[in-house]
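Here's a friendly walk through one protein chain. Take a look, then follow the questions.

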Amino acid sequence: MSGHLAAVGFHVFEETVSDTTAQMVASRVEEAAFAEATASDASDEAGLIRIYTARAGELLRAEAKKLGVPSRWGSGGDAGVTATEAELTSSGMLVGDEPASGGESETSSDEEELSALQRLVQKLALRKAEQEEGGEGEPSGEAEEDLEPLLSSFDVAGVAEYIKSGKCGNIIFMAGAGISVSAGIPDFRTPGTGLYDNLQKYDLPHPTAVFELDYFQENPAPFYLLAKELYPGQYPPTPTHHFVRLLHEKGLLLRCFTQNIDSLEAAAGLPHERIVAAHGNFDSARCLKGHPADVHRVREHVDRGEVMRCESCDGCDALVKPDIVFFGENLPERFARLVAEDFPKCDLLIVAGTSLAVHPFAGLINHPGEDVPRMLVNREKVGEMDESTRAIAKLIGRGTGFDFGETNRRDALHLGDCDAGFEELARLLGWEDELKALVEKGRAQTPVKERPS
Ligand code: OAD
């Protein structure tokens, strides 16, 4: 959690709902408010902050209502900016258990509370900007330019040198669909070959409907048909998956956070505790009322192309869905817990095969500290902001993504196929033969599915 909502909204929820829910909500709200501010035609900083805070305030309030939590705003935060008691009081916020500003918060009108929240977010944003200008807090502007680069070169060779120097032992690997493309599984968004361009046969209202709960409830058949195509066990892990396993075997991998539902990381031999399946997978399933379902029965239904209904108790009959995170659903509890535990320890972040289009996963690239090198291995450059978006992001305390430009001091880039990138990295690390052996063994073990061309 990096923005000012972490400092304000996050604590609203944290006291009343689980950490995971609080983080999901704050991240969702922050993302939506940021998108609105950057898409607006506000021409100055104050205007942008106004739009951001207004939207964030509204959304936080709506989320609080949805969750049924009392809307009592507290203070705190991990963004390096914490509201002082005086600020909270003057904003009309609550501090601790006692209502500030005349004790009317719990009974105050929605409008008063909302505008108080907006004032506070705005104040925090402005104070952070002042601190940075005054040289307090995070370095910015000119100071940043003076900092030494963290890699000898911003490519695979620079990362190989960094790993060999022994400076890292807690690598986090973030994976997306691109790492499974060479196995025969299409990614989602590559024009022409991506899954979302090839779902015509399912007659969906729009491609992503296949992963939307409302649509699933109405018409689960397309998801079941797609599940048959994607079901794990038909595709071999790729050299990239085996490279991640090698990182683990060398004692360098802290965690692999994957968006993929194909379970190829596990198929490559990575132990389950090293994997965070951020968007779930087929390993477990439940009905829409929450009853656990037998995954073997789910598999039988998927194989027959039949939709499964709950068999756990008489009369439930709700639709069964593998535990894959659909749009709008919260990510697994384990995701938020391990993001909080792992990222402060991360000393090298590797991001591969993802468009970084889906949040909150995409925002993870901002979680490692400022002094942690990162590497993107992808066919296209992703995760960078244009100059004005970056300026707004800084202002409101959000992470600013990758920087492959002139001010870069820590972001390596390999543009191209990830297998080639990791084979090159393995070669530079002297792991070439081990990687080859793993790939060959993996191929021999998995029945490879013939895919239509
Ligand atoms: P996308 O399809 O959005 O992005 C895949 C990225 O990988 C693109 O940037 C491609 O250019 C790149 N790519 C493709 N093949 C590659 C290769 N061989 N080597 C290197 N790069 C390659 O997939 P994700 O970012 O994973 O949600 O998508 C995120 C989420 O959106 C998915 O988890 C899925 C989807 O809706 C669920 O399944 C719930």
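Two strands pair if DSSP finds at least two bridges between them. Strands (E, at least two residues) and helices (H or I, at least four) are DSSP runs, numbered from the N terminus. The model is predicted, so to speak for local features pLDDT must be at least 70, and side-chain atom pairs count only at pLDDT 80 or more, while totals for chains, interfaces and linings use all residues. Residues are numbered from 1 along each chain as its sequence is written.

Q: Which residue in β9 stands opposite N378?
A: Strand β8 (residues 374–378) pairs with β9 in the parallel sense, over five bridges. N378 has its opposite number in β9, and that's L415.

Q: Why is strand β9 largely enclosed by the rest of the structure?
A: Buried means that 20 or more other C-beta atoms, placed from the backbone, lie within 10 Å of a residue's own. Strand β9 covers residues 411–415, and it's largely enclosed because the buried ones number four of the five.

Q: How many residues surround the ligand?
A: A residue counts as near if its C-beta atom, placed from the backbone, lies within 6 Å. G176, G178, D187, F188 and S355 are the closest, and the total is 27.

Methods. A residue is buried if 20 or more other C-beta atoms lie within 10 Å of its own, exposed if 12 or fewer, and partly exposed in between; C-beta atoms are placed from the backbone.
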